Amino acid sequence: MTSKWFKGLALAAALMMPGLALAGVRQDGASFNFQTPVTPVAHDIYNLHQLIFWICVIIFIGVFGTITYSVIRHRKSIGHQAAHFHENTTIEIIWTVIPLLILAGVAYPASRVVVYMKDTSAPDMTIKVTGYQWKWHYDYLNQGVGFYSNLATPMEEINNQKPKDANYLLAVDHPLVVPTGEKIRLLLTAGDVIHSWWVPAFGVKQDAIPGFIRDTWFKVDKPGTYRGQCAELCGKNHGFMPIVVKAVSPADYKTWLADQKKSGTEKTASENPDKTWTKDELVKAGAKVYSANCAACHQANGMGIPNTFPALKDGPIVKGPKEEHIKTVLHGVKGTAMPAWGPRLNDTEIAEVITYERNSWGNNFGMVTPAEVKALRK
């Protein structure tokens with residue numbers, strides 16, 4: 001009987017060993033463990049995880065090994081008689097002191113990692129991150145660069161009209177670009193509801209809360225593209241709010257920064273209200289603005305969602321006066337899910353998207369110019 005028990009235990013141990021071995025393997029796809037860490041904090045979190053994991057394995061073997069041995073060696077079927085005793089001071093002390101020592105031994109490395117995670121002092125650069133439903137805004141403080149980062153996955157993939165890309169729901173139009181080897185401090189807040197900025201490979205997960213500024217930091221070891229998501233349930237399109245960080249060499253970062261400043265200057269110049277726009281120009285550009293900001297709610301076909309988001313195809317908003325349409329986009333609609341886009345989009349972008357809405361899906365209700373938007377921006 002005893003030999004059968006031990007054979008069974010040996011078989012169970014053999015079956016468990018591959019799993020135990022895989023638990024220590026770093027998988028890029030996080031199939032069995034964390035993503036491969038690429039920052040000092042992520043490395044420390046991974047090592048702490050491994051340490052505590054093996055402590056748990058040892059405790060598991062010790063506790064259940066003792067229980068199994070006791071069940072086998074002291075079972076009634078072989079004539080063992082149960083001992084009768086009440087309290088044992090030595091045992092009481094042992095099973096109190098040992099867990100206390102284990103907790104004390106774990107507390108030190110865990111506390112060290114937590115303190116290290118929160119140390120945002122002496123950064124090389126600071127970026128303000130603002131979460132919105134459902135996108136991120138990045139503002140490179142003191143560098144004159146800022147932009148929105150929107151989901152770039154095509155609606156055709158979301159609606160199962162074409163095969164899904166490898167980075168389905170994890171692609172954006174404008175990734176956050178940072179230099180490797182430099183300490184990046186993030187200041188996080190939100191413009192509507194609570195969001196959470198999470199990139200697993202960085203070991204960073206920080207809530208973005210309206211009315212509050214929270215901070216965190218990271219320093220990327222090597223160039224690459226790293227992906228994450230909003231990790232706080234933030235509304236209908238919570239799953240459509242990815243994060244993409246592109247880490248490049250310091251030299252490449254300087255080149256990128258110069259290009260961004262140049263394109264920003266050109267963009268400002270393009271907002272000149274004296275420029276003469278054609279309807280086709282505005283509609284073409286407005287299609288991109290609509291896809292990035294409006295399609296998630298009003299749908300790519302402009303049909304909206306009944307009782308939630310009104311239809312723009314032959315709907316009352318686009319058929320009504322241009323001034324009311326502009327005010328709706330600029331200032332939003334209180335008490336509804338329609339946000340104010342005035343703080344997020346410039347005059348040209350608003351003119352583009354409104355013109356697109358008024359002249360798509362069979363609509364033909366005239367164009368709106370940036371000058372008209374500017375006149376109502378109050």
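Counting ring pairs gives 16 aromatic pairs in this predicted model (rings of Phe, Tyr and Trp, the last by its six-membered ring, pair if their centres lie within 6.5 Å). Since the model is predicted, local features need pLDDT of at least 70 and side-chain atom pairs count only at pLDDT 80 or more, while totals for chains, interfaces and linings use all residues. Residues are numbered from 1 along each chain as its sequence is written, and side-chain values use heavy atoms, leaving out hydrogens and water.

**Aromatic rings**

- Tyr 290 and Tyr 356 make a tilted pair, 5.3 Å centre to centre with 45° between the planes (under 30 degrees is stacked, over 60 edge-to-face, the rest tilted).
- Tyr 290 sits in helix H6 (residues 279-293) and Tyr 356 in helix H10 (residues 347-358), so this pair ties together parts 66 residues apart in sequence. Helices here are DSSP runs (H or I, at least four residues), numbered from the N terminus.
- Tyr 290 counts as buried at 2% relative accessibility, and Tyr 356 counts as buried at 15% (buried means under 20% relative accessible area, with a 1.4 Å probe and protein chains only).
- Ring pairs also join Tyr 138, Tyr 140, Phe 147, Tyr 253 and Trp 256 into a cluster.

**Helices H2 and H3**

- The axes of H2 (residues 40-73) and H3 (residues 89-117) come within 10 Å and cross at roughly 165° (axes are lines fitted to C-alpha atoms over the stretch in contact, with angles from 0 to 180 degrees between N-to-C directions).
- H2 and H3 are therefore roughly antiparallel (angles over 145 degrees).

How values were computed. Helices (H or I, at least four residues) and strands (E, at least two) are DSSP runs, numbered from the N terminus. Angles under 35 degrees count as roughly parallel, over 145 as roughly antiparallel, 65 to 115 as roughly perpendicular and the rest as oblique. Buried means under 20% relative accessible area, exposed over 50%, partly exposed in between (1.4 Å probe, protein chains only).
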